[in-house]
Amino acid sequence: MAANIVSGGRLSATNLLRRFRCVCGYSLSPSLQSFEQRNWRTLRKYTQLNSHKLYGSAGLHTSVRKYADVTVNCPPFADSITEGDIRWEKAVGDSVEVDETIGEVETDKTSLAVKSTVAGKVTALLVEDGTTVTPGTPLVTVAAGEGAATPAAASEPVAAAAPPPPAAEKPAEVPAATPIPTSKPPTPPLPTAPMSTTPVAQIKPVVAEPVRVSSLGGRSEERVKMTRMRSRIAERLKEAQNTCAMLTTFNEIDMSNVMEMRNKYKDAFLKKHGVKLGFMSAFVKASAFALQDQPVVNGVIDGNEIVYRDYVDISVAVSTPKGLVVPVLRNVETMNYAEVEKGIHDLGVKATGGHLAVEDMDGGTFTISNGGVFGSLFGTPIINPPQSAILGMHAIKNRPVEVKGEVEIRPMMYVALTYDHRLIDGREAVTFLGKIKSAVEDPRVLLVDI
């Protein structure tokens with residue numbers, strides 16, 4: 001079809017050159033007629049060989065439609081969220097595939113991916129990086145087609161078949177407004193010169209300038225906008241400090257039995273359930289057991305009332321590159337070890353991949369934070385509002401302890417319970433933490449419910 005268009009007359013070829021000069025690899029000179037005369041055979045040969053690339057099966061109009069701009073709008077948010085900040089991952093000129101992430105809208109609780117609806121090339125970012133946007137806001141335009149690599153790839157056959165003649169052989173083609181050089185252009189310097197005539201004192205090394213340099217020299221600082229998620233985390237933590245009467249109680253847990261159980265059954269557990277048997281499931285189940293025994297720890301203050309729950313939804317703190325998130329494992333009181341491990345694994349994968357939805361983090365009656373994975377030996381966690389308590393796990397260390405009148409080396413872990421003293425008294429808090437200790441040290445306590 002392309003060959004038919006070209007052979008139909010020079011006017012068709014002129015229009016073809018004007019519309020597809022970016023694909024053919026030529027730029028039109030001021031004298032379009034002389035350009036046609038010189039390149040007519042090349043153009044005809046090229047369009048015969050590459051008509052399937054230029055037109056497809058539908059001809060000229062199909063090719064024009066292929067590169068139409070498509071606008072991608074801000075995705076919808078959850079009901080409790082009204083706005084977010086855009087963070088671009090692609091720039092103008094970048095190629096994208098269908099459903100490839102162009103940027104992310106960071107909200108107070110999670111990030112929503114802005115994905116391309118077509119394959120093509122980014123032509124314009126309609127809002128600047130860091131701008132606050134709302135659902136439905138036009139964010140970016142994408143030229144629907146084969147992406148940024150298509151024009152370059154299509155131009156290679158032309159260059160290989162018949163490259164354009166050099167300008168020196170056709171001096172008449174130079175526009176009148178462009179002066180013709182009469183002297184030899186300066187020779188560019190070689191990449192590596194054997195000698196230099198410049199005094200050493202005048203040679204200045206090329207050094208990338210920092211964002212900001214202090215007056216003392218050699219030091220720099222950079223100022224960046226706080227992300228919306230980090231800002232929200234700071235706001236909630238300060239709110240907890242200002243609202244709750246936080247107090248922390250401590251205990252230590254002998255991990256010998258749970259480590260022995262894990263080592264004995266971990267291979268069979270992985271083979272049957274498809275996930276690893278870890279220590280977190282033991283603490284999650286022990287916490288659910290203790291929360292049912294001490295329901296006030298599972299409660300919350302709401303105005304002048306106390307709300308008690310008969311269900312246990314445990315928030316598991318997960319550290320991600322963008323901040324701390326706390327997805328919720330729901331109805332833990334009905335789960336066994338395998339179901340807990342599967343739930344924790346699925347939430348962890350979603351958190352690290354940035355796919356957590358707002359619904360995954362809403363609610364929660366109690367939180368567990370494991371600073372031990374980073375080597376923390378001892379610490380006091382901060383309550384995750386509006387909850388009333390949080391359990392802090394720490395690193396397992398071999399320490400000498402007394403066992404039946406003898407000193408033995410045991411794998412020990414310090415645990416901390418921070419609670420809201422407005423609602424929970426010291427007796428209930430200490431009893432609660434003691435229940436967790438007994439259930440972790442001897443999981444049979446869960447079976448006999450004592």
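## Aromatic pairs

A search of the whole structure, which is a predicted model, finds 3 aromatic pairs. Rings of Phe, Tyr and Trp (its six-membered ring) count as a pair if their centres lie within 6.5 Å; planes under 30 degrees apart are stacked, over 60 edge-to-face, and the rest tilted. The ring centres of Phe250 and Phe378 are 4.7 Å apart and their planes stand at 20 degrees, so this pair is stacked. Phe250 belongs to strand 9 (residues 246-254) and Phe378 to the loop between strand 16 and strand 17, so the pair ties together parts that are 128 residues apart in sequence. Helices (H or I, at least four residues) and strands (E, at least two) are DSSP runs, numbered from the N terminus.

The rings of Phe378 and Tyr414 have centres 5.1 Å apart and planes at 85 degrees, so they form an edge-to-face pair. Tyr414 lies in strand 18, so its pairing with Phe378 links parts 36 residues apart in sequence. Phe250, Phe378 and Tyr414 form one aromatic cluster. Phe250 is partly exposed, at 35% relative accessible area; Phe378 is partly exposed at 47%, and Tyr414 is partly exposed at 25%. Here buried means under 20% relative accessible area, exposed over 50%, and partly exposed in between (1.4 Å probe, protein chains only).

## Basis of the description

Residues are numbered from 1 along each chain as its sequence is written. In this predicted model, local features need pLDDT of at least 70 and side-chain atom pairs count only at pLDDT 80 or more, while totals for chains, interfaces and linings use all residues; side-chain values use heavy atoms, with hydrogens and water left out.

## Nonpolar cores

A nonpolar core is a set of buried Ala, Val, Leu, Ile, Met, Phe, Trp, Tyr and Cys residues joined through side-chain atoms within 4.5 Å. The largest core has 46 residues, and Phe283, Val284, Phe366 and Ile436 touch the most other members. Among the elements that give two or more residues to this core are helix 7 (256-273), helix 8 (280-293), helix 9 (337-352), strand 17 (389-403) and helix 11 (426-441). Helix 8 gives the most, with 9 residues.

Beyond its neighbours within four places in sequence, Phe283 is in contact with Ile253, Met255, Ile368, Leu391, Met393, Met413, Val415, Ile436 and Val440, where contact means heavy atoms within 4.5 Å. A second, separate core of 20 residues includes Val72, Phe77, Ala78 and Val358.

## Pockets

Rolling a probe the size of a water molecule over the atoms shows where empty space is left. On a 1 Å grid over the protein atoms alone, a pocket is an open set of points where a 1.4 Å probe fits, with protein on both sides within 12 Å along at least five of seven lines; lining residues have an atom within 4 Å of a point. Grid points are joined across faces, edges and corners, and a volume is the space filled by probe spheres set on the points. The largest pocket holds about 820 Å³ of space. Its lining has 38 residues, of which Arg236, Leu237, Leu324, Val326 and Asn384 lie nearest the centre. Helix 6 (228-243) supplies the largest share of that lining, 6 residues. By class, the lining of the largest pocket has 15 nonpolar, 16 polar and 7 charged residues; Ala, Val, Leu, Ile, Met, Phe, Trp, Tyr, Cys and Pro count as nonpolar, Asp, Glu, Lys and Arg as charged, and the others, Gly among them, as polar.

The second largest pocket has a volume of about 580 Å³. Of its 23 lining residues, Met280, Val316, Ala317, Val318 and Ile344 lie nearest the centre. Strand 13 (318-320), helix 9 and strand 16 each give two or more residues to this lining, and helix 9 provides the largest share, 6 residues. The lining of the second largest pocket divides into 14 nonpolar, 7 polar and 2 charged residues.

## Two buried residues

Thr107 lies in the loop between strand 4 (101-106) and strand 5 (111-115) and is buried, with a relative accessible area of 1%. Apart from neighbours within four places in sequence, Thr107 is in contact with Phe77, Ile81, Glu83, Gly84, Arg228 and Met229.

Gly323 is placed in strand 14 and is buried, at 7% relative accessible area. Not counting residues up to four places away in sequence, Gly323 touches Arg230, Ile233 and Val318. The C-alpha atoms of Gly323 and Thr227 are separated by 9.5 Å, although the two residues are 96 residues apart along the chain.
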